[in-house]
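Have the viewer open as you read.

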Amino acid sequence: MATGFERALEQGDLKAACAALAPDTRSELEESEKKACHVGLTAEELPVGGPVGTVDVYGRQARVVLKSDTLFLSQFPDGWKVVAAGCMPEAGRPYQCAVKGG
């Protein structure tokens, strides 16, 4: 799912990228931007992640570290969904993510 999300962003298919988001993440984006998801994603200016570096899976949660981005995913009944994107680590603190669920 992470590579599908990234490919959709890279190709400008923001509706497909929104379909890859977890429901709460999509709702949070739409509420914060006061726009439809695909329009709100444009405002976030997410980086093109590039190739996958590492994947860490912890039960139904995963972290996917790409060359220029980090995504967090959760497993839902219909598959893996992106719960946070545009995430950058901060020394001694949690990741700061441009797009995340509330």
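## Disulfide pattern

Counting the bonded cysteines along the protein chain, the disulfides pair up as 1-2, 3-4. A search of the whole structure turns up two disulfides. Please keep in mind that this is a predicted model, so every value below is computed from it.

## The C18–C37 bridge

Let us begin with C18 and C37, which form a disulfide with their sulfur atoms 2.1 Å apart. C18 sits in helix α2 (residues 14-19) and C37 in helix α4 (residues 37-44), so this pair ties together parts that are 19 residues apart in sequence.

What is the handedness of this disulfide? The torsion about the S-S bond of C18 and C37 is about -100 degrees, so the disulfide is left-handed. As for solvent, both C18 and C37 are buried.

## The C87–C97 bridge

The other bridge joins C87 to C97, with an S to S distance of 2.1 Å. This pair links distant parts of the chain: C87 belongs to strand β4 (residues 79-90) and C97 to strand β5 (residues 93-100), ten residues apart. Here the torsion about the S-S bond is about 115 degrees, so the C87 and C97 disulfide is right-handed.

C87 has a relative accessible area of 0% and is buried. C97 has 17% relative accessibility; because buried means under 20%, C97 counts as buried too.

## Overall fold

Stepping back, the protein chain contains four helices and five strands. Following the sequence, these elements come in the order α-α-α-α-β-β-β-β-β. The radius of gyration is 13 Å, close to the 13 Å that the globule rule gives for 102 residues, so the chain is as compact as a globular protein of that length. Along its principal axes, the C-alpha trace spans about 30 × 30 × 25 Å.

How much of the chain is buried? Buried residues account for 35% of the 102 residues.

## Surface and charge

The protein chain exposes about 5900 Å², and carbon and sulfur atoms supply 52% of that area. Its charged side chains come to 11 positive and 14 negative, and the centres of the two sets lie 2 Å apart.

## D69, a loop residue

Now to a residue in a loop: D69 is located between β2 (61-66) and β3 (70-76). Is D69 buried or exposed? With a relative accessible area of 2%, D69 is buried.

Which residues does D69 touch, leaving aside neighbours within four places in sequence? Its contacts are E6, P47, G49, V64, A85, G86, C87 and M88. One of these, C87, is the disulfide partner of C97. For a sense of distance, D69 and G92 are 23 residues apart in sequence, and their C-alpha atoms are 18 Å apart in space.

## F76, a strand residue

F76 is placed in strand β3. With a relative accessible area of 26%, F76 is partly exposed.

Leaving aside neighbours within four places in sequence, F76 is in contact with A22, P23, R60, K81 and V83.

## Two positive phi angles

Most residues other than glycine have a negative phi. K34 is not a glycine, yet it has a positive phi of about 60 degrees. K34 is found in the loop between α3 (23-33) and α4, and at 71% relative accessibility K34 counts as exposed.

E45 is also not a glycine, and it has a positive phi of about 50 degrees. E45 lies in the loop between α4 and β1 (52-58). At 69% relative accessibility, E45 counts as exposed.

Notes: Residues numbered from 1 in each chain as written. Predicted model: local features only at pLDDT ≥ 70, side-chain atom pairs only at ≥ 80, totals over all residues. Heavy atoms only, no water. Rg over C-alpha atoms; globule rule 2.2 N^0.38 Å. Buried < 20%, exposed > 50% of the residue type's maximum accessible area, 1.4 Å probe, protein only. Areas by Shrake-Rupley, 256 points an atom, 1.4 Å probe, with all protein chains shown as cover. Lys, Arg positive; Asp, Glu negative; His and termini not counted. Charge placed at Lys NZ, Arg CZ, Asp CG, Glu CD. Disulfide = S-S within 2.5 Å. Contact = heavy atoms within 4.5 Å.
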